[in-house]
Amino acid sequence: MAYSKKTLELLKSKGVSEGDCIRVEKEGAVYEGILMPRATGDENALVVKLDSGYNAGVIVTEKTAVQKLPHKPSLHRPAEFKLPPAKKGLPKVSLVTTGGTIVSRVDYSTGGVSALTKPEELVRQFPDLLEACELRKIVSPFSVMSEDLTPANWMELAKTVFAELKESDGVIVTHGTDALGFSAAALSFMVSTNKPVVLVGAQRSPDRGSFDGALNLVCAAHFIAKGKHSGVSLVMHGSSSDDFCYAHGGTKVRKMHSSRRDAFQSINSLPLAKIYSDGRVEEKNFEEAKAEEKLDAVFDEHVAMVKAYPNSEPDVLDWLVGEKKKKGIIIEAMGLGHVPTNNAKSWIVHVKKAVGAGVFVGITTQTLYGSVNPFVYSNLRKLGEAGAVFLKDGLPETMYVKLGWVLAHKEWNTNEKMLESLRGEFNDRLPDLEFKENAV
Amino acid sequence: MTAKIGLEIHQRLDTRKLHCHCYANPSEDKADFKPDLVLRRRLKAVGGELGEVDAAAAYEAAKKRVFEYQVDPRFSCLVESDETPPEELNGEALQAVLGIAKALNARVVDEAHVMRKMITDGSAVSGFQRTTLIATGGFIETQKGKVGIQSIALEEESAGIVEKGHGKFIFRLDRLGIPLVEIATAPDVKDGEHAKETAEILGRVLRESGLVQRGLGSIRQDLNISIDGGERVELKGVQDLRLLPKIIGIEIERQKKDGVRKGGETRRIIGEQSEFMRPLPGAARIYPETDIPHVRITRELLEKAVVGEKSADKVTRLEKLGLGEQMAERLAFSKELPLFERIYAKTSAEPTVIASALLESLTSLRREGIATEKISEQQLSGLFSFFAEGKIAKAAVAEILRELPSGKGAGEIAKEKDLLKFSSRELDALVASGKGFGEIMREYRLRVDAQELQKKFKP
């Protein structure tokens, strides 16, 4: 949103444009400062940045007098920054940015947000990075808010990451946090590698002193430098403090809070490593394994995810299959895998119909924690008999992404592949640790 | 030599916090406080709205300190911990500051923009203080002429520091985010005495608004001083208004002798002297808070804002009720005034008895460690009704107050503690028994009204 037509006309008649020094007088009040662009709010109100630094909105009426003032000498800009020579023995790292706020820069003269594109810009913001790695390159395949990502973006991201791995010892991917879990899963399946690929995000914006992404980024670099883990992981704050980060496996991680720094948690598994702000890395909970170096960036978009709940409409399955031509559906079911079964809105007949039409129907749980089970109650058996596949402790989002990837491989048996643990997406030993720590 | 002197007053409002729904009165005793949670954070230097890194912010951040924050979930939430976006500007606080702006003859902005002021000394968890310009261009009348009011802003109180030194910086989050009204005067202050008068007038206007917190630290004065058109020095933390003339004199002498660093200085007042804190922060440290919508200050909103009753008018009104001059003045400036007025309207008890109970007895009981905060308004009204009906003597009021935290009513306590007033017939019997006035008063002080007894002796 910008200024209204009326306001713009007034400004034009006075020869004033955004960024100019102006004097606005209205009913005895005087505001002198820089005319700022308007992002939200009343489009008839001029935004003036006063000399004190405050912004004030002044609504334009017949009583408002606007006058252009001579430009004040512009405030000094930071001096040029040169990248210091790399320390010997540090891993070469490529940074892939995808449009998250973590490596953005706000240009207040235009109100726009742009991504940092040069290593020196980033290092200037996070000098600690140089202690952990040699930042080789910054690549930006696309710039999208994470909720707007599509499978095409996942495939492009996988290709970019794989290409960078040829030259670098590891890759850091910066990403918006809302759909970060999905992308972590997509990269996990599409990129098979013996080198570390670490996704990071930020829950606070980089304009503030308390920016959490700084620690996430530095810990990601330390993890690449010192960790033994290879393949895709996600590094974010381990607590609300700036003490340490956790590295989570790319298929077992989920955003569990809308705003906290430690929103990302390993579900049904334990973090791969604890990385301290001073660079110490404590690794556990994973087995070193040799992987094939392979890019497999494919995805069949004929997949969907639906939630079953009391009084939900099972017809949605018919619509997804009939209208949307879906070949695979993940159901977020209740508890051990329940869907409404014995009432007027039973899902059983619709599941049977979908499976009959050759559609894969996978069952996951809304509780996220714990595994689904096809046997404990008779209603669960009815769902199994209808042809639905119980996807163990797989996270709904991970199973959704995996299904699109599996379906893109025509030669594969979907049921078999969906139940096989290919990238650590299933854990046959659920950790027996205290489940809730904030009990009263 | 010419000196330019301006004042900056910070006053806490007695409402919920500015950008969340927590309520905290930090003047309550916290000696035995044990935090439920401690957060450890770092702050990095950041660029300002116009692309420069502010000298003050960079200076602080360069120190690479670790800050600890003590959390008491009763008085702070995820907003103070910088773990969730802030709420919109608190409407009650806005109403209060609009009333204050009117009382100071200031021009209110059409649309208020919440800004982030970079603070990297750790006292703001986010690395910035949210602050909103509400009005400009006001004035007050003083004995030495008009003093201009440059700006009136609504901002967040900082977190209070608990411990400092040995590389440790420990803050407590209860205070963080309490609304502060910041009033900055123009450099119209003539001298030290004038600064004192100006501060007193502003303090009075703030108290008259009726919505300000009381107690230690709830109002703070800063000074801006420059000489001969030189760089400005901001002196933070004047504790006692009486010291203003002396502090100003010392600072002017200091500037003449030592000069002022380029770009200006922020200095902390210690006693009457001051020490260097950091370079003066520039305008670059303020940039927009993008998480909070702008607030349109409509004509209706402005009309609804009330200018507090002038203290002088309050005193006159209370004197008319029969309070002595001193008591009327104390009550007029006290936060207990609304409670006094409600109780008086309800019970019609003798005003001096209500006033002295609220201003004196309750305070001394609190000092004795009695949990007076447990006493409800209903219990107080019950007590004064009981007194107005003649069931207890004046002297018994304080004794019953002492027992009210138990939750019992005044009548029940009076019976249990043998505090019911003697009837006229019982007094006659006492007099008839041959005891003298002094003796009866000594023995039955709590149950006898001296004036009534006197009448028995002087018919």
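**View 1. Chain A meets chain B.** In this predicted model, 35 residues of chain A are in contact with 43 residues of chain B. Contact is counted when the C-beta atoms of two residues, placed from the backbone, lie within 7 Å. On the chain A side, strand E2 (29-36) and strand E4 (55-59) are the elements that give two or more residues. E4(A) gives the most, with five residues. By class, that side of chain A has twelve nonpolar, 13 polar and ten charged residues. Ala, Val, Leu, Ile, Met, Phe, Trp, Tyr, Cys and Pro count as nonpolar; Asp, Glu, Lys and Arg count as charged; the others, Gly among them, count as polar. Helices (H or I, at least four residues) and strands (E, at least two) are DSSP runs, numbered from the N terminus.

Two notes apply to every view. Residues are numbered from 1 along each chain as its sequence is written, while chains are lettered from A and ligands numbered from 1 in the order in which they are written. The model is predicted: local features need pLDDT of at least 70, side-chain atom pairs count only at pLDDT 80 or more, and totals for chains, interfaces and linings use all residues.

**View 2. A strand pair across the two chains.** E4(A) pairs with strand E5 (residues 111-112) of chain B. The sense is antiparallel, over two bridges. Two strands pair if DSSP finds at least two bridges between them. Ala56(A) faces Ala112(B), a residue of E5(B). Strands of a sheet pair through backbone hydrogen bonds, either parallel or antiparallel.

**View 3. The eight-stranded sheet of chain A.** Eight strands make an open sheet with mixed pairing, in the order E9-E6-E10-E12-E13-E14-E17-E18 (chain A). Its edge strands are strand E9 (134-139) and strand E18 (281-283) of chain A, each pairing on one side only. Neighbouring strands are turned by 25° against each other on average, direction ignored. Axes are lines fitted to C-alpha atoms, for helices over the stretch in contact, and angles run from 0 to 180 degrees between N-to-C directions.

View 4. Strand E17 (residues 273-276) of chain A runs antiparallel to E18(A), joined by three bridges. Within this pair, Ile275(A) stands opposite Val281(A) of E18(A). Helix H6 (residues 213-226) of chain A packs on the sheet. Among the strands that H6 of chain A touches are strand E6 (92-97), strand E10 (170-174), strand E12 (196-200), E17 and E18 of chain A. The direction of H6 of chain A makes about 170° with that of E12(A).

**View 5. Helix H7 of chain A and its buried face.** Helix H7 (residues 315-322) of chain A has the buried residues Leu317(A), Leu320(A) and Val321(A). A residue is buried if 20 or more other C-beta atoms lie within 10 Å of its own, exposed if 12 or fewer, and partly exposed in between, with C-beta atoms placed from the backbone. Down the axis of H7(A), the buried residues fall within an arc of 95°, so they line one face of the helix. That arc is taken from the directions from the helix axis to the C-beta atoms. Strand E20 (303-307), strand E21 (328-333) and helix H8 (348-356) of chain A pack against the buried residues of H7(A).

**View 6. The four-stranded sheet of chain B.** Chain B has an open sheet of four strands, in the order E2-E3-E10-E9, and the pairing is mixed. Strand E2 (37-41) and strand E9 (160-165) of chain B stand at the edges with a single partner strand each, so one side of each has no neighbour in the sheet. From one strand to the next, the twist averages 20°. E9(B) pairs with strand E10 (residues 168-172) of chain B in the antiparallel sense, over five bridges. Here Ile161(B) stands opposite Phe171(B) in E10(B).

**View 7. The domains of each chain.** Chain A is assigned domain 1 (5-68), domain 2 (92-295) and domain 3 (303-419). The centres of domain 1 and domain 2 of chain A, taken over C-alpha atoms, are 42 Å apart. Chain B is divided into domain 1 (3-303) and domain 2 (311-421). Their centres, again over C-alpha atoms, are separated by 36 Å. Domain bounds come from an automatic or database domain assignment. Chain A comes to eleven helices and 23 strands, and chain B to 15 helices and 17 strands. Of the 440 residues of chain A, 47% count as buried; of the 459 residues of chain B, 43% do.
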